[in-house]
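Student: I have a model to look at, and I want to know what the labels on it rest on. Can we go through them together?

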Number of protein chains: 4
Amino acid sequence: MHQLILTFSCDDTAGIVHAVTGAIVACQGNILELQQFSSTDTGRFFMRVEIDVPTAPEEFRAAIAQVATRFAATWAVVPAGVPTRTLVLVSKAAGPLNDLLFHVRAGDLPIEIPLILSNHEQLGRLAHYHGIPFEHHAVLPDSKPAFENRIRQAVDELGIDLVVLARYMQILSPELCTDLAGRVINIHHSFLPGFKGANPYRQAHERGVKLIGATAHFVTSNLDEGPIIEQNVHRVDHSATVAELTSIGQGLESDTLTSAVRLFAEKRIFLDGIRTVIFH
Amino acid sequence: MHQLILTFSCDDTAGIVHAVTGAIVACQGNILELQQFSSTDTGRFFMRVEIDVPTAPEEFRAAIAQVATRFAATWAVVPAGVPTRTLVLVSKAAGPLNDLLFHVRAGDLPIEIPLILSNHEQLGRLAHYHGIPFEHHAVLPDSKPAFENRIRQAVDELGIDLVVLARYMQILSPELCTDLAGRVINIHHSFLPGFKGANPYRQAHERGVKLIGATAHFVTSNLDEGPIIEQNVHRVDHSATVAELTSIGQGLESDTLTSAVRLFAEKRIFLDGIRTVIFH
Amino acid sequence: MHQLILTFSCDDTAGIVHAVTGAIVACQGNILELQQFSSTDTGRFFMRVEIDVPTAPEEFRAAIAQVATRFAATWAVVPAGVPTRTLVLVSKAAGPLNDLLFHVRAGDLPIEIPLILSNHEQLGRLAHYHGIPFEHHAVLPDSKPAFENRIRQAVDELGIDLVVLARYMQILSPELCTDLAGRVINIHHSFLPGFKGANPYRQAHERGVKLIGATAHFVTSNLDEGPIIEQNVHRVDHSATVAELTSIGQGLESDTLTSAVRLFAEKRIFLDGIRTVIFH
Amino acid sequence: MHQLILTFSCDDTAGIVHAVTGAIVACQGNILELQQFSSTDTGRFFMRVEIDVPTAPEEFRAAIAQVATRFAATWAVVPAGVPTRTLVLVSKAAGPLNDLLFHVRAGDLPIEIPLILSNHEQLGRLAHYHGIPFEHHAVLPDSKPAFENRIRQAVDELGIDLVVLARYMQILSPELCTDLAGRVINIHHSFLPGFKGANPYRQAHERGVKLIGATAHFVTSNLDEGPIIEQNVHRVDHSATVAELTSIGQGLESDTLTSAVRLFAEKRIFLDGIRTVIFH
């Protein structure tokens, strides 16, 4: 038996679930879990199904393809448990990368990281400890295009499904954002839309908020405005200094980014305009 | 168009979703939301579907009944938004009842309460303010059977779907627990299975826990061991007295009970042995 | 023995705690709880002390007054447990008022409410049920000054310590904000500074946030920018409609406002510029 | 100026704060933060003070010692920021150790770890990466006394203030628990007192709880009953397998243990019988 994950989205209409499950039945598949949602905001239909099928994945894909054509759907069938090929971009902050690598090694985060790219060299040793190739390139105004070309090349050659900005402190060009739309996850160090831009923990301290947060979101060319995937908060009080807020916040950032990456790797995230539909 | 909610559970096998959605398609229904789960613990299949159908509910029920027979399913079709007929049992504590009544009045909790039964008279005035019949019966060892007969009678005559123990401080007889299995929700003033029995806030204080909780669960004859529906916790510190823990805990109890009642009223809860499956 | 609460704030310097506790010792007082914080942001010193003293409160006040003069302190001594005189302003939304009144009645919120003022008549019945005088005044552009005069009059004549805007949907004039600075608490239906202004739940839905929140803050003439007292959040997902966000959010609002009012009534809140220092 | 932390606990009586702050004033010290609590359960007084003093720490200690003698207090004065000497015991699970080491390296956890002892060799490489001596000793029934002697020896020779059981899967002997009372922190993989003993995540799954938790506590000879320091929970639903609960729970364990270690290292934890007083 093959365990597969099917994701399927299209304009909403009657009969989609029946048609898709008909294809599953025709392949003698058994549904393990099915989640479906129709967005009244956008009129889109979203479905995620986990299936056991005795046929080969290619045969199952062919059966789904016919249904997908009928509904003009965006869809994919992937074997469950196959790790998502992930490129990680970092700068100096170690926390989110350490958390990702720890969970990969612990075997509970289904991604594999064939390469880490950085505009600083500090995290090379951490990458090396985990046996992951690490490249350091200076990213200055005139070398940024070259670095983005290296990203594009890596995405193509290494079969990358997901790019993770794990506190990578550079803004991607609008072109790259567009070309990789829906495949780049960033962690923002605040509870968006609360404190956009720089120094959010300082802003949070000055404003005297009682909860600080972190937000994982897809990257778009509209900075800090991409579709939100996951958010977490932590209670703080008046005595917390900016340094303490930063320390607490960095823990939140790591947790939140790892959660978002796990949701992506498990094919649980769908884009619905500027929002996400997430089947937990 | 009629908006209906279908709940459907049976032993898991291939083809159930396809068969059910086939009946929906045959009635020209459109699926608004579908959630499905197969329990590997018990081998049971659970599904909840919200549907828009142009046919009369009875016609739709007939179509589903055929599929249900084939899979020996437990199922129901109810119109969305029709309030769940709810009998509330109370003693002296006002919090959970006040919260339920407030939300009913605010229009965001789809239940209707035709009767409140109590073994104390204190809450009669609150019931009266909300225009709900209130009966006070002394419940002593020799009058308990009579009170339980009154409960049974009310359930039958008033078409009760749900009985809520809103801090009703008496134990129901095993017979009544069995007869109303899956239809009686209790709020327990602790984070089960942590502090069973009496005085959980005192126990929590003495043990020095850093979080206190509340648990809403179905009532079974096995006291404090019924299937858990919802749990919440609140952070506390060393300075909290038993009285303060009690006050904080009572807020949790009300919130947690109201949440569980809402889940029940929206047909989101399924029993899976001693556990619950809940489609949020 | 008299149980008293002392609050004391002044510019920070050495010897303040020793001097104040010296006055306490001189009155044969016993400290039950003492919390102190020096703000590095503003250079201010804040202290809250709960004391048992055998002397009359007036004698104790005289002793503290001498120390306070020496440090040019802002200070107060109040008997513990004496309810805070509270004026509540409402419009149509019942939730926060219901929650306040429930807790007052339950005896776990140390305030007393001699009057409720409203620009709508809907909540009169709820006030009546709780036996609290309720006045309804139309608040239109030309009658707003009269209504604010009524507020000022009530504050003076009723000995009001705290004004609570329990979803009162009008903006107070800058003059009133100034005159009552530090004594007016508002509940804002969002996780500030996230969604200021109108329709925050719609904004939250459109932005697709994964947590919604509520913020209790002191009112200043700078709308939605007053010092934050308490914030809470609740997790939501893509399926939540604006109506459901609103319902969930209203529960948060009530909880958060009641918490803030309790902190005020227990003399736990200090203003530190645009931030608050809160001794939990 | 020297920044010092004073901790002071004794039987409660009038005049303690004044006496201690008198000693601080006599040394020309300035109080940065002072927290005090008197336990009505045990009649004990607890105080933590952060102070800037111009005198040498020894001189300040001498001044405090006089006051301490008068009240028969347990007390300590340590320089702020000096790392707590910490011995870590591990078995095979990497998570809590990785989290501790990450935060030590990040500079936001004020401990230093001169040695890691383990009854398995797996985590040697992680220790090596962080440059920390690692010893692996088999711990079998007849070699357990030798291992405990090694622990005692390390505590003495390395000046250890804190022993952390970071998922060390062996029970310490009652003698060692007694000798190191108040200095050994363990992480328990459940929300105590909920699921004591082995396989708590399996127990949690079988019971169908909606929140799972982790508890950091001091070790006593009464297994799983030591004073609780910190607890955290995470929401789960019916679909979570035991493996998923375990994965989520391990993240909670790491966070919770690191928090407890930070509280200890910052001298914020006091023992009050079987409870803890914690000044956040």
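Tutor: Start with chain A and chain C. The model is predicted. The contact takes 32 residues from chain A and 32 residues from chain C.

Student: What makes a residue part of the contact between chain A and chain C?

Tutor: The cut-off is heavy atoms within 4.5 Å. By that rule, 32 residues of chain A and 32 residues of chain C take part.

Student: Why is the pair A:Glu225 and C:Arg207 called a salt bridge?

Tutor: Set the distance against the rule. A side-chain nitrogen of Lys or Arg must lie within 4 Å of a carboxyl oxygen of Asp or Glu. In this pair the closest N and O atoms are 3.4 Å apart, so A:Glu225 and C:Arg207 qualify. The count between chain A and chain C is 4 salt bridges. There are also 22 residue pairs in polar contact, with both residues at pLDDT 80 or more.

Student: Which elements of chain A supply at least two residues each to the side that touches chain C?

Tutor: Helix H7 (200-207), strand E11 (228-235) and strand E13 (275-278) of chain A do. The largest share, 7 residues, comes from E11(A). The residues on this side of chain A divide into 14 nonpolar, 9 polar and 9 charged.

Student: Now chain D and chain A. How many residues does each give to the contact?

Tutor: Chain D gives 12 residues and chain A gives 12 residues. The area buried between them is about 1300 Å², with carbon and sulfur atoms giving 46%. In chain D, D:Phe102, D:Arg125 and D:Tyr129 lose the most area to chain A, together 43% of what that side buries.

Student: How many salt bridges does the rule find across the interface of chain D and chain A?

Tutor: The rule finds 0 salt bridges there. Polar contacts are another matter: the count is 6 residue pairs, both at pLDDT 80 or more. Helix H3 (95-106), helix H4 (124-129) and helix H8 (242-265) of chain D each give two or more residues to the side that touches chain A. The largest share, 4 residues, comes from H3(D). This side of chain D divides into 4 nonpolar, 3 polar and 5 charged residues.

Student: On to strands. How do you know that strand E2 and strand E3 of chain C pair?

Tutor: Pairing needs at least two bridges. Here 8 bridges join E2(C) (residues 30-38) to E3(C) (residues 44-53), so the two strands pair, and they run antiparallel. C:Ile31 has C:Ile51 as its bridge partner in E3(C). C:Phe37 stands opposite C:Phe46 in E3(C). The hairpin of E2(C) and E3(C) has 5 residues between the strands, and there C:Gly43 takes a positive phi near 70°.

Student: Why is E3(C) called largely enclosed?

Tutor: Count its buried residues. In E3(C), 8 of the 10 residues are buried, so the strand is largely enclosed by the rest of the structure. E2(C) is mostly covered, with 7 of its 9 residues buried.

Student: What makes A:Tyr168 a buried residue?

Tutor: Buried means under 20% relative accessible area. A:Tyr168 has 6%, so A:Tyr168 counts as buried. A:Tyr168 is in the loop between strand E8 (162-165) and helix H6 (174-179) of chain A.

Student: Which residues does A:Tyr168 touch, not counting those up to four places away in sequence?

Tutor: A:Tyr168 touches A:Leu89, A:Val90, A:Ser91, A:Asn119, A:Val139 and A:Phe147. Take A:Asn119: A:Tyr168 and A:Asn119 are 49 residues apart in sequence, and 8.1 Å apart in space, C-alpha to C-alpha.

Definitions and conventions: Residues numbered from 1 in each chain as written. Chains lettered and ligands numbered in written order. Heavy atoms only, no water. Buried < 20%, exposed > 50% of the residue type's maximum accessible area, 1.4 Å probe, protein only. Buried area = accessible area lost by both parts, 1.4 Å probe. Polar contact = N/O pair within 3.5 Å; in protein donor to acceptor, adjacent residues only side chain to side chain. Nonpolar A, V, L, I, M, F, W, Y, C, P; charged D, E, K, R; others polar.
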